[in-house]
Amino acid sequence: MKPTGQAPATVSITSGKGGVGKTSLAVNLAFALADMHRKVLLVDGDLGLANVDVMLRLKPAKTIEDVLLQGQDPHCALTRISDHLAVLPGSSGVPAMVAPGSEKRSQLTDFLTCVMAGFDVVLLDTAAGIGDDVMWFNTFARHTVIVVSPEPTSLTDAYAVIKILAGQYGRNDFKLVLNFIENAEQGRALFQTLHQAAQRFLNLDPKLLGTVVRDPKVNQAVIAQTPFLHNTPGCPAAASVRQLARAVGALAADPAV
Amino acid sequence: MKNTQTAPCPLKDADCPVQAAYTELKAAYDLLEAASRIDALTGFFNYRHLLDALNREMERTRRTGIATAIVMADIDHFKKFNDTHGHDAGNLALQWVARTWREQIRSIDIPCRFGGEEFVIILPGTDLPGAIQVAERLRVELTKAPLKLDDASLPLSTSLGVATYTQKLEWPCVEAFIKAADQYLYQAKENGRNQTCYDQSKLTPPATGVTSEERDVLFSL
């Protein structure tokens with residue numbers, strides 16, 4: 001285990017559109033990083049309808065809500081999964097958490113800053129959409145990962161998120177993860193299309209961080225409420241995620257970023 | 001709710017003349033206190049109440065960050081209306097505007113007569129887009145409701161200026177806030193009357209949506 005003196009790398013995972021496999025990807029990526037002996041904190045940033053706990057069949061004793069709305073100790077909200085992995089579960093079905101006001105957001109900053117000390121990588125899985133809470137997590141994180149699938153709706157929404165984060169929040173560093181990709185040609189075309197639009201209209205140069213192949217094992221694992229990385233470690237999607245984890249690990253290792 | 005209760009006679013005298021006089025004075029005072037805040041002609045609040053209420057709403061914005069809006073309105077060509085139809089008709093027109101508009105605003109809004117044929121309506125907790133919608137509704141509804149006067153139907157229109165006080169704390173005081181709305185009202189008059197003016201630059205530009213040129217590239221996949 002590497003020394004944990006420096007601040008953790010914060011990575012938000014967002015997509016605009018829902019149903020592009022964002023949460024499943026975040027969960028498996030967290031396990032892959034933990035397998036690499038990185039200390040990982042996975043934060044469920046969907047404050048209204050949390051899903052990370054469901055993906056992992058967790059019954060969390062405490063959630064982000066207990067800290068922000070009930071005034072509980074921030075550290076008690078962490079659910080330890082293993083030596084290297086902890087989850088900060090969100091609240092499910094709590095409308096009060098959907099649009100946290102400015103005061104709640106400043107509490108959230110203090111809260112996350114407090115609990116993430118000692119971790120190497122903090123993955124922030126955001127809700128779908130472009131709400132204030134989604135934008136908050138994306139601007140809180142140092143790195144923004146945009147998950148995009150080959151569907152035109154996903155592509156357009158991913159572009160819209162990039163445009164808002166660049167235009168209204170001054171972000172200019174985006175990393176793309178292509179999900180549900182059938183073959184190399186499809187992945188290349190998807191990346192080039194999004195890159196071309198971002199370059200031409202927004203003067204941005206989004207980087208390709210990784211590609212995850214379409215794999216029926218992913219959906220089976222979601223239904224089994226187990227990460228496919230452990231459920232079927234030999235499946236193609238697991239290999240994709242392990243490769244992606246090395247790229248994310250490199251972000252955390254580089255002290256310049 | 002006004003507290004109209006009076007204290008009982010300390011000597012417990014059921015027929016106390018001091019107590020009777022006191023009760024009478026208290027009732028008169030309450031009446032005057034309320035009247036001192038109401039414009040007798042239109043029933044709207046008066047200038048004095050406008051300043052007090054707007055001060056309170058600006059303080060609320062400072063504490064909560066929630067915007068306060070004001071709509072300032074002036075009846076178009078009112079001097080000519082008075083010259084043509086007489087001052088009694090002018091007063092009826094002011095009353096008619098107030099009556100028409102009262103139905104268009106929320107119970108939390110604070111309608112005030114600023115003076116002459118000018119009105120200021122305070123819209124608590126309202127941002128600029130919301131206030132523009134209210135102003136436009138007031139303008140349109142009045143044009144649809146001409147003043148009926150002795151078989152004649154006299155059309156009325158207004159020019160309106162909208163200003164907001166947000167967490168950016170744009171205005172140092174009530175007077176500056178009102179003056180900002182007045183300047184947009186002036187602009188509405190200059191632009192030909194019967195319209196609403198406001199600070200266009202304060203509206204979020206709709207440029208963040210995905211444009212058709214951007215779609216062309218994205219849909220090329």
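Which residues does L190(A) touch, not counting residues up to four places away in sequence? In this predicted model, where local features need pLDDT of at least 70, side-chain atom pairs count only at pLDDT 80 or more and totals for chains, interfaces and linings use all residues, L190(A) touches V148(A), S149(A), P150(A), L155(A), L178(A), I181(A) and L221(B), with contact meaning heavy atoms within 4.5 Å. Residues are numbered from 1 along each chain as its sequence is written, chains are lettered from A and ligands numbered from 1 in the order in which they are written, and side-chain values use heavy atoms, leaving out hydrogens and water.

L190(A) sits in helix α7 (residues 184–202) of chain A; helices (H or I, at least four residues) and strands (E, at least two) are DSSP runs, numbered from the N terminus. L190(A) counts as buried, at 1% relative accessibility (buried is under 20% relative accessible area, exposed over 50%, partly exposed in between, with a 1.4 Å probe and protein chains only).

Also in chain A, helix α1 (residues 22–35) packs against helix α10 (residues 236–253) at about 70 degrees, the axes being 9 Å apart. Axes are lines fitted to C-alpha atoms, for helices over the stretch in contact, and angles run from 0 to 180 degrees between N-to-C directions. That makes α1(A) roughly perpendicular to α10(A) (65 to 115 degrees). On the α1(A) side, the contact is made by L25(A), N28(A), L29(A), A32(A) and L33(A).

Over in chain B, an open sheet of 5 strands with mixed pairing runs in the order β2-β3-β1-β6-β7; two strands pair if DSSP finds at least two bridges between them. Strands β1 (residues 68–75) and β6 (residues 158–165) of chain B run antiparallel, joined by 8 bridges.

How values were computed:
Angles under 35 degrees count as roughly parallel, over 145 as roughly antiparallel, 65 to 115 as roughly perpendicular and the rest as oblique.
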